[in-house]
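Hi everyone, thanks for coming. Let me put the structure up, and then I'll walk you through it.

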Amino acid sequence: MRKPVIAGNWKMYKSVGDSVSTALDLKPLVANANHCEVIIAPVFTALKSVADRLEGSNIRVSAQDCATQKTEGALTGEVAAFMIKDAGCSHVIIGHSERRQHYSETDQIVSKKTQAALEAGLIAIVCVGETLEQRDQGKALDVVKEQVTGSLSGLTASDLARIIVAYEPVWAIGTGRTATPEQAQEMHAFIRRVFAERHSQGTADALRILYGGSVKPDNIAGLMKRTDIDGALVGGASLNAESFAKIVNYNG
Ligand code: PGA
């Protein structure tokens with residue numbers, strides 16, 4: 001009943017030309033993937049070109065961040081959510097751990113960005129996840145609960161229908177060390193319980209929760225078998241069209 005989502009986060013990789021050619025390579029490879037939603041997230045400068053070339057396909061385009069401010073204004077370097085929508089995107093990744101770590105994004109900022117994204121008509125992919133130190137100290141559940149509640153504060157039930165949560169343990173991102181399906185399942189089930197307690201069982205049941213952190217063609221199927229894992233946010237392995245297509249087509 002929850003349609004899986006496989007999203008590729010290209011981070012700060014690829015020129016406009018490379019982004020378009022990877023997107024065009026990917027298009028025929030995932031054209032029959034009706035079992036899931038397919039999303040790619042190129043850099044800002046490539047969004048419009050990629051979205052134009054993918055029009056009419058089953059691949060959606062996402063940005064990797066947006067401004068907290070909803071309207072245009074004197075904010076050098078920022079890009080508003082409505083501008084991302086205007087460039088042809090349907091989604092935006094918010095609160096990725098690299099932004100939380102390197103650009104000091106707090107839950108409060110993530111919450112504002114999420115509200116701006118939803119108001120612009122985008123679907124927000126909101127990222128949470130603990131560091132290795134926090135996991136080793138036994139704090140993983142508390143940290144993620146705080147991130148989920150802080151990042152999604154002030155949202156109504158209809159807002160929550162346009163949210164996707166991505167659980168990405170920081171220790172698994174780009175390290176080659178994937179969380180085991182059991183570790184991921186435990187956290188996903190926990191996030192769903194947090195939603196059920198704070199909102200309603202219906203909201204929790206409908207919420208899609210993606211796993212992210214060293215997802216590869218050879219570990220996706222094991223992750224997708226778990227009840228509460230509804231897809232993946234893929235970094236490194238999404239940069240190559242063939243490898244990303246194998247992840248998308250995990251079911252066959
Ligand atoms: P990775 O990145 O797949 O390269 O670990 C995932 C992410 O940061 O979204």
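**The ligand and the barrel**

Let's start with the shell around the ligand: four of its residues are nonpolar, seven are polar and two are charged. By that scheme Ala, Val, Leu, Ile, Met, Phe, Trp, Tyr, Cys and Pro are nonpolar, Asp, Glu, Lys and Arg are charged, and the others, Gly among them, are polar. Quick caveat: this is a predicted model, where local features need pLDDT of at least 70 and side-chain atom pairs count only at pLDDT 80 or more, while totals for chains, interfaces and linings use all residues. Residues are numbered from 1 along each chain as its sequence is written, and side-chain values use heavy atoms, with hydrogens and water left out.

So who's in that shell? There are 13 residues around the ligand, and the closest are Lys11, His96, Glu168, Gly174 and Ser214 (near means a heavy atom within 4 Å). Glu168 puts a polar side-chain atom 2.7 Å from a ligand oxygen. For Gly174, a backbone N or O atom sits 2.6 Å from an oxygen atom of the ligand. The protein covers 96% of the 280 Å² of accessible area the ligand has on its own (Shrake-Rupley method, 1.4 Å probe).

Now the barrel: eight strands close up in the order E1-E2-E3-E4-E5-E6-E7-E8, with parallel pairing. Strands are DSSP runs of E, at least two residues, numbered from the N terminus, and two of them pair if DSSP finds at least two bridges between them. Zooming in, E2 (residues 37-41) and E3 (residues 59-63) pair over three bridges, and Ile40 stands opposite Val61 in E3.

Conventions. Polar contact = N/O pair within 3.5 Å; in protein donor to acceptor, adjacent residues only side chain to side chain. Helix = DSSP H or I, 4+ residues; strand = E, 2+ residues; numbered from the N terminus.
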